[in-house]
Amino acid sequence: MSHRHAHGRQEGFDENAAEKLEWSDALLLGLGPMDDAHEQFVQVVKALAGCNAVTALGCLQAVEDHLLAHFDTERELMERTGYPSMDCHLDEHQKVLDTVLQVNQLAKAGQVGLRDVRRLAAALADWFPKHATYLDSALSAWVSKQRHGGAPVILRRHIARFVEHESVQPEQRSAA
Ligand SMILES: [Fe+2]
Ligand SMILES: [Fe+2]
């Protein structure tokens, strides 16, 4: 437990991380689509941690489906805004996705026990807060900056038009 990676590896993770994982305002990053995805991440991972022999396969599939959509949402945000640190972030997504795809594949073939499934849930729960704090928050800040950086241009255009119009009758400007 002395050394932990933020790269989705399974060694040295907190085995009780899924019990500790709770959705709260502390996890909000201020960007709707990402916050929605993160709230859903907490739901599906907690469901996976609490699965039984009957529900395990469904819970695994739910995590896989969720991750595909979640990571797609973030990739789209990166592509649309020309995010500069895309490779590192997508690389981490891919490692996590590969692990889930692999476990789900093995589970479908009946080669994974409940204990392994719960360990996967703990590994995901252990990985997520670090990923959200370091990589997703940086992406959220970048996207917000791009959006707010764009808004004043529109505002300035309106002001320019207003000033242009007003300058025809300069004597009225002091009254406005
Ligand atoms: Fe995320
Ligand atoms: Fe991410």
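The site of the iron ion (ligand 1) is irregular, with angles of 82 to 159° among its four donor atoms; four donors count as tetrahedral if all angles lie between 85 and 135 degrees, four count as square planar and six as octahedral if opposite donors are over 155 degrees apart and all others between 65 and 115, and anything else is irregular. This is a predicted model, in which local features need pLDDT of at least 70 and side-chain atom pairs count only at pLDDT 80 or more, while totals for chains, interfaces and linings use all residues, and side-chain values use heavy atoms, with hydrogens and water left out. Residues are numbered from 1 along each chain as its sequence is written, and chains are lettered from A and ligands numbered from 1 in the order in which they are written.

The iron ion (ligand 1) is coordinated at 1.9 to 2.3 Å by H38 (NE2), H70 (NE2), E74 (OE) and D136 (OD), where donors are N, O and S atoms within 2.8 Å of the metal (3.2 Å for Na, K and Ca), and sites may look incomplete because water is not among the atoms. Along the chain these donors follow the spacing H-x31-H-x3-E-x61-D. H70 and E74 both lie in helix α3, four residues apart, about one turn of the helix; helices (H or I, at least four residues) and strands (E, at least two) are DSSP runs, numbered from the N terminus. Both H70 and E74 are buried, a term that means under 20% relative accessible area, with exposed over 50% and partly exposed in between (1.4 Å probe, protein chains only).

E74 bridges the iron ion (ligand 2) and the iron ion (ligand 1), which lie 3.4 Å apart. The iron ion (ligand 2) is coordinated by E74 (OE), H89 (NE2), H93 (NE2), H131 (NE2) and D136 (OD), at 2.1 to 2.2 Å, and its donors follow the spacing E-x14-H-x3-H-x37-H-x4-D along the chain.

## Salt bridges

The count comes to six salt bridges, each defined as a side-chain nitrogen of Lys or Arg within 4 Å of a carboxyl oxygen of Asp or Glu. One of them joins the side chains of R119 and E15 (2.5 Å, N to O), and this pair links distant parts of the chain, with R119 in helix α5 and E15 in the segment before α1 (17–20), 104 residues apart. R119 is partly exposed, with a relative accessible area of 27%, and E15 also counts as partly exposed, at 40% relative accessibility.

Within helix α4 (residues 86–108), D91 and K95 lie four residues apart, about one turn of the helix, and their side chains meet in a salt bridge (3.4 Å, N to O). D91 is partly exposed at 37%, as is K95 at 30%. In helix α5, K130 and D126 have a spacing of four residues, about one turn of the helix, and form a salt bridge whose closest N and O atoms are 3.2 Å apart; D126 counts as buried, at 11% relative accessibility.

L120 has its place in helix α5 and is buried, with a relative accessible area of 3%. The C-alpha atoms of L120 and V100 are separated by 7.8 Å, although the two residues are 20 residues apart along the chain.
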